Amino acid sequence: MAEEIGSTCICMAVQRAARVVARQFDEAFRDLGINNWQFSLLVAVGHSEPKAIGALAELLDIDQTTLSSNLKLLERREFLQVQRSNTDRRVKLVGLTKQGRDLVVEALPHWRKLNRKINTRMSDFRGENLHQELEKLASG
């Protein structure tokens, strides 16, 4: 039974691959002082106008408490700004600072290089297809 699960379990394979890929991106961003999760968070925040924490949590499929603790670190480093909404004081909005935008721009070549390398390593199953398939799974 364990052999069957170990050789066919999609969950285990995805988790293992995710850890390997995450470590590679962590290393790619190390000189910039961020990790792959922080880069992803900065990109998600900077993708448009400031986002409500709830909407950002939904986009990243993470609970708001975990997201808030990660945002605080990036806010202390002055990459993000968190402020109350002018229209609804209960809502906190998150946006990139100039330093945050500059960091994303600086990190982009590191991301592109490693992303291309990983895509190239998947010869039979192109990375673009994998991304699309994983997005289908994530959206339910």
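Select R90 first: at 71% relative accessibility, R90 counts as exposed. Here exposed means over 50% relative accessible area, buried means under 20%, and partly exposed lies in between (1.4 Å probe, protein chains only).

A note before moving on. This is a predicted model, in which local features need pLDDT of at least 70, side-chain atom pairs count only at pLDDT 80 or more, and totals for chains, interfaces and linings use all residues. Residues are numbered from 1 along each chain as its sequence is written, and side-chain values use heavy atoms, with hydrogens and water left out.

D88 and R90 form a salt bridge, with the closest N and O atoms 2.9 Å apart. A salt bridge is a side-chain nitrogen of Lys or Arg within 4 Å of a carboxyl oxygen of Asp or Glu. D88 counts as partly exposed, at 23% relative accessibility.

How many salt bridges does a search of the whole structure find? The search finds 3.

Select K98 and D102. K98 is exposed, at 55% relative accessible area. D102 is partly exposed, at 39% relative accessibility.

Last stop: E27 and R30. Their side chains meet in a salt bridge, 2.9 Å from N to O. E27 counts as partly exposed, at 48% relative accessibility.
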